[in-house]
Amino acid sequence: MAKMTRILIPSDFTVDSLYFVRQSIESSSAEEVDVILAYGNKSSTSASELIAIGVEDQLDELQSDAFLKACERICQRFKNRKLTIYADIIRTDNASYLQHYLRGAGVNEIKIPANYSYQNKTRDFFDVGKALRKLKNHVLHPISVM
C-alpha cells in the first residue's frame, strides 16, 4: 500500500461533483490521501480586482454550505485514510503554468471525470479537466480519465 498520495481533481464545487471524488479516494491504495479540488477561473486584468479579491474570497463565493458539509462527510467516512480535501483556483489554462502548478503542489495523480459537465459559476470559468487532458503527453503525473 502506498504511503501518501496527492490527487488533483477538477471541480465546480457542487455536491454532484463529489461523487467522483469519493470514487477516486476508494480506488486509491494510499494510506494518506490529499485531494486538491481545482476550479478554473482565468485571472482578471483589472488591477483593483487582482489586489482586492483573493483566492479565499473567491472560494467563499464558489463553495456552498451544502458542498462544504458534503466534503466534511467524505472526510469522516475515510478518516482511517487520513484524508484531507483542499480547494484551489487555477488561474490559467497555459500549459507551462499548469506544469509548474502540479510540480509546486506535489501532485502525484490527476483524475478527470470522463462524462461530467461542469457548472460555470463565474464569467471567467474554464474547464480544468480539458486543459489537463491537452497536457497528457507532457505531464510526469499519471492522468486518469474515469
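**View A. What helix 4 packs against.** In this predicted model, the buried residues of helix 4 pack against helix 1, strand 2 and strand 3. Those buried residues are Phe67, Ala70, Cys71 and Ile74. Because they cover an arc of only 105° around the axis, they sit on the same side of helix 4.

**View B. Helix 4 from end to end, and its other side.** Helix 4 has 13 residues and reaches 18 Å from its first C-alpha to its last, close to the 18 Å expected at 1.5 Å a residue. Look to the other side of helix 4 and you'll find Asp65, Lys69, Glu72, Arg73 and Gln76, which are exposed.

**View C. Leu18 and the largest nonpolar core.** This core has 24 residues, and Leu18, Val35, Leu37 and Leu83 are the ones with the most contacts inside it. Two or more residues come from each of strand 1 (4-10), helix 1 (18-27), strand 2 (32-41), helix 3 (55-62), helix 4 (65-77) and strand 3 (83-90). Leaving aside neighbours within four places in sequence, Leu18 is in contact with Leu37, Phe67, Ala70, Cys71 and Ile74.

View E. Lys3 is in the segment before strand 1. Is Lys3 buried or exposed? It's exposed, with a relative accessible area of 64%. Lys3 and Glu31 are 28 residues apart along the chain, and their C-alpha atoms are separated by 5.2 Å.

Conventions:
Residues numbered from 1 in each chain as written. Predicted model: local features only at pLDDT ≥ 70, side-chain atom pairs only at ≥ 80, totals over all residues. Heavy atoms only, no water. Helix = DSSP H or I, 4+ residues; strand = E, 2+ residues; numbered from the N terminus. Buried < 20%, exposed > 50% of the residue type's maximum accessible area, 1.4 Å probe, protein only. Core = buried A, V, L, I, M, F, W, Y, C linked by side-chain atoms within 4.5 Å. Contact = heavy atoms within 4.5 Å. Expected span 1.5 Å × (residues − 1). Arc of directions from axis to C-beta.
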